[in-house]
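Here are my notes for a colleague opening this entry for the first time.

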Amino acid sequence: MTPPLESLFLPVGTTLFAEGDAGDRAYLIAAGEVDILIERDGREIVLAHRGTGEIIGEMALLDRGPRSASARVTRAAEVIAVSQRQLEQRIAETDPILRLCLSVVIARYRDTLAMARSGFAVPPPAAEMRTPGGDFHAAVAMLTLERQIEEGLDRGEFVLFLQPIVRLADRSLAGFEALARWQHPTRGLMPPSEFISVAESSGLIVRLTAWILREAVSAARRLLDVLRPEPGVETFFVSVNVSGHDLHQPGFADIVMATLRDAGLPPEHLKLEVTESMLMKDPSRAGGVLESCRIQGVGVAVDDFGTGYSSLSHLSTLPITTLKIDRSFVKAMADDLTSRKIVNTVRLLARELGIPVVAEGIEREGEAQALDELGCEYGQGYLFGRPMPLGDALALAAVAPPEVRAMPSRCPKNPPSFLAGAYSP
Ligand code: C2E
Ligand code: CA
Ligand code: CA
């Protein structure tokens, strides 16, 4: 007897599907054993035995045709159905290179079956192999970009940009965020949106982070030499974006500490920025690595806060020193009461945790004032300065009036004209 589709626990003798049935799903065998068999001339021929960890009925997902064999339980089994929709959804979500590999493997599988059915005559090429589709072009573009990023790293084509972060109360310079740019040999200065996601999916981000960490730490050293903060005043910092791959890399905390030591920069002048969504993916592992950095004095900021789903209990156990409110809330604040409430809630939450807030993406004076009134301590955005090369960041630190150059140094309310519109975001 064929069981209803939702049945998962199947006694011995159950026919899971029969030759000729229409098939719309495959089954993962979680426990037990199943025979694959066909009936010919009134005789049953067992083609294969399948057990725990194997998949059966997968041809139906590939071909949507009738079942070419039957499946019968020979040892009490637990099976989990995988529908066409579930499989297609996963394949659609994966990256184009993997999708292309999958389509090639599936085409080969079909070829082999077709050959077996036709007495081993070579079939014509599958349609999708004759005309490269969207995945083929996307995979080519991705593999090319990956190789170029690697070469760009080898050739030193990446450039450090720094964006000022100010204290909202008096607009004094509190620190900088380090942001990567790529001086591409033919495409010009490229923003991170054009290479970070491929650097992440290929794992090259680990090399990029190591590079920007060294650059940012040495830049912080030089900026400190210009600012010459007085002892006891609030710490000037440079923050560096860190990806999930970095936190999964063994010894990441050691790399951070070695970079600081090499540049002679005290750890309290460095902050690591991790996005909220990344932190929440694996809070205990991320927490462990960040804790090691934190214990030695490095700051930890949660980036793009408000866009993920942090639970308060996780936040309170993670070694966080700053919350960065995502730009989308700052943008929407002017005409959206909900966004204003979210900003206020984040500020209250930060106060509970005893840490300051940085509001990102401030472009207008009105936004800066509103955020200051709400009690946000720090601001970052085009209003105060766009991301700029180190030379201009040093100049910005140096143009602060001498009496305030010792921290807190002032970032002028109207940025010097050389900053206005000079750089792309
Ligand atoms: P993010 O970490 O949220 O960085 C802030 C982004 O907002 C920067 O974009 C900055 O230029 C932009 N921004 C700052 N103020 C304003 C403003 O007032 N208005 C608008 N419209 N935008 C503003 P950028 O430099 O293009 O970087 C984009 C993202 O790329 C970063 O977002 C970060 O997630 C990633 N990224 C950049 N550099 C690195 C890096 O070295 N490592 C890693 N892992 N990610 C990086
Ligand atoms: Ca960031
Ligand atoms: Ca951000």
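**Notes on the predicted model**

1. Surface patch. Leu8, Phe9, Leu28, Ile55 and Ile80 together make a nonpolar surface patch of about 440 Å². Leu28 belongs to strand β3, which covers residues 25–40. Leucine 28 counts as partly exposed because its relative accessibility is 34%, a value between the 20% and 50% limits.

2. First calcium site. The calcium ion written as ligand 2 has Glu177 (OE), Asn241 (OD1), Glu273 (OE) and Asp303 (OD) as its protein donors, at 2.1 to 2.3 Å. Along the chain these donors follow the spacing E-x63-N-x31-E-x29-D. The site links distant parts of the chain: glutamate 177 is in strand β8 (residues 172–184) and aspartate 303 is in strand β12 (residues 299–305), 126 residues apart. Glutamate 177 has a relative accessible area of 4%, so this residue is buried.

3. Which residue coordinates both calcium ions, ligand 2 and ligand 3? Aspartate 303 does, and the two ions are 4.0 Å apart. With a relative accessible area of 6%, aspartate 303 is buried.

4. Cysteines. How many disulfides does the structure hold? The count is zero. A disulfide is a covalent bond that joins the sulfur atoms of two cysteines. Cysteine 293 is buried, with a relative accessible area of 0%. Cysteine 376 is buried too, and its value is 2%.

5. Helix α7. This helix takes in residues 205–227, which is 23 residues. From its first C-alpha to its last it reaches 31 Å, close to the 33 Å expected at 1.5 Å a residue. Arginine 228 follows α7 and has a positive phi, near 40°. In general, an α-helix has 3.6 residues a turn, so residues three or four places apart point the same way.

Conventions
Residues numbered from 1 in each chain as written. Chains lettered and ligands numbered in written order. Predicted model: local features only at pLDDT ≥ 70, side-chain atom pairs only at ≥ 80, totals over all residues. Heavy atoms only, no water. Donors = N, O, S within 2.8 Å, 3.2 Å for Na, K, Ca; no water. Buried < 20%, exposed > 50% of the residue type's maximum accessible area, 1.4 Å probe, protein only. Disulfide = S-S within 2.5 Å. Patch = residues over 30% accessible without salt bridge, like charges linked within 9 Å, V, L, I, M, F, W, Y side chains within 5 Å. Areas by Shrake-Rupley, 256 points an atom, 1.4 Å probe, with all protein chains shown as cover. Salt bridge = Lys/Arg side-chain N within 4 Å of Asp/Glu carboxyl O. Helix = DSSP H or I, 4+ residues; strand = E, 2+ residues; numbered from the N terminus. Expected span 1.5 Å × (residues − 1).
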